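Please read the model below alongside the text that follows. The paragraphs go through it site by site.

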Amino acid sequence: APVIFAHAILPQMKKNRAGLVIHVASINALVPVPNNQVYTASKAFCYSYALALSRENKNSGVDFQIVLPGTTRTAFHVRQGAEPSASAMRPE
């Protein structure tokens with residue numbers, strides 16, 4: 001989805017020499033997590049893609065950001081049967 005979205009919006013942003021692209025990944029993009037390979041790999045892709053896209057378009061007038069939130073206790077972990085560490089954030 002991030003690739004399709006960026007491909008769809010970047011041409012107009014570059015034409016206008018203005019815009020902001022925000023990618024949301026996870027702190028897990030930086031550290032692989034055992035038994036959670038697909039999730040961490042997908043977040044690593046998003047992180048790498050966002051960095052590359054930013055560098056490729058550094059003189060375009062478009063700004064780029066990437067957000068790497070930490071682990072947050074949600075139903076996601078319940079469905080996985082995982083217990084986040086005590087330092088995990090709470091949604092509120």
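**A walk through the predicted model**

Ser 26 touches Tyr 39, Lys 43, Val 67, Leu 68 and Pro 69, leaving out residues up to four places away in sequence; contact here means heavy atoms within 4.5 Å. The model is a predicted one, in which local features need pLDDT of at least 70 and side-chain atom pairs count only at pLDDT 80 or more, while totals for chains, interfaces and linings use all residues. Residues are numbered from 1 along each chain as its sequence is written, and side-chain values use heavy atoms, with hydrogens and water left out.

Ser 26 sits in the loop between β1 (20–24) and α2 (37–56). Helices (H or I, at least four residues) and strands (E, at least two) are DSSP runs, numbered from the N terminus. With 4% relative accessibility, Ser 26 counts as buried. The classes are buried under 20% relative accessible area, exposed over 50% and partly exposed in between, with a 1.4 Å probe and protein chains only. The side chain of Ser 26 also reaches the backbone nitrogen of Asn 28 at 3.0 Å. A polar contact is a pair of N or O atoms within 3.5 Å; within protein, one must be able to donate a hydrogen and the other to accept it, and residues adjacent in sequence count only if both atoms are side-chain atoms.

The loop between β1 and α2 also holds Asn 35. This residue is exposed, at a relative accessible area of 73%. Its phi is near 65 degrees, a positive value in a residue other than glycine. Arg 17, in the loop between α1 (2–16) and β1, has a positive phi too, near 55 degrees. Most residues other than glycine have a negative phi.

In strand β1 lies His 23, which counts as buried at 5% relative accessibility. Apart from residues up to four places away in sequence, His 23 touches Pro 2, Cys 46, Tyr 49, Ala 50, Leu 53, Gln 65, Ile 66 and Val 67.

The structure holds 1 aromatic pair. It is formed by Phe 45 and Tyr 49 and is stacked, at 5.7 Å centre to centre with 15 degrees between the planes. Rings of Phe, Tyr and Trp (its six-membered ring) pair if their centres lie within 6.5 Å; planes under 30 degrees apart count as stacked, over 60 as edge-to-face and the rest as tilted. Phe 45 and Tyr 49 are separated by about one helical turn, because they are 4 residues apart in helix α2. Phe 45 is partly exposed, with a relative accessible area of 43%, whereas Tyr 49 is buried at 18%.

Strand β2 (residues 63–67) includes Asp 63, which is partly exposed at 49% relative accessibility. Leaving aside neighbours within four places in sequence, Asp 63 is in contact with Gly 19, Leu 20 and Val 21. Asp 63 and Ala 52 are 11 residues apart along the chain, and their C-alpha atoms are separated by 13 Å.
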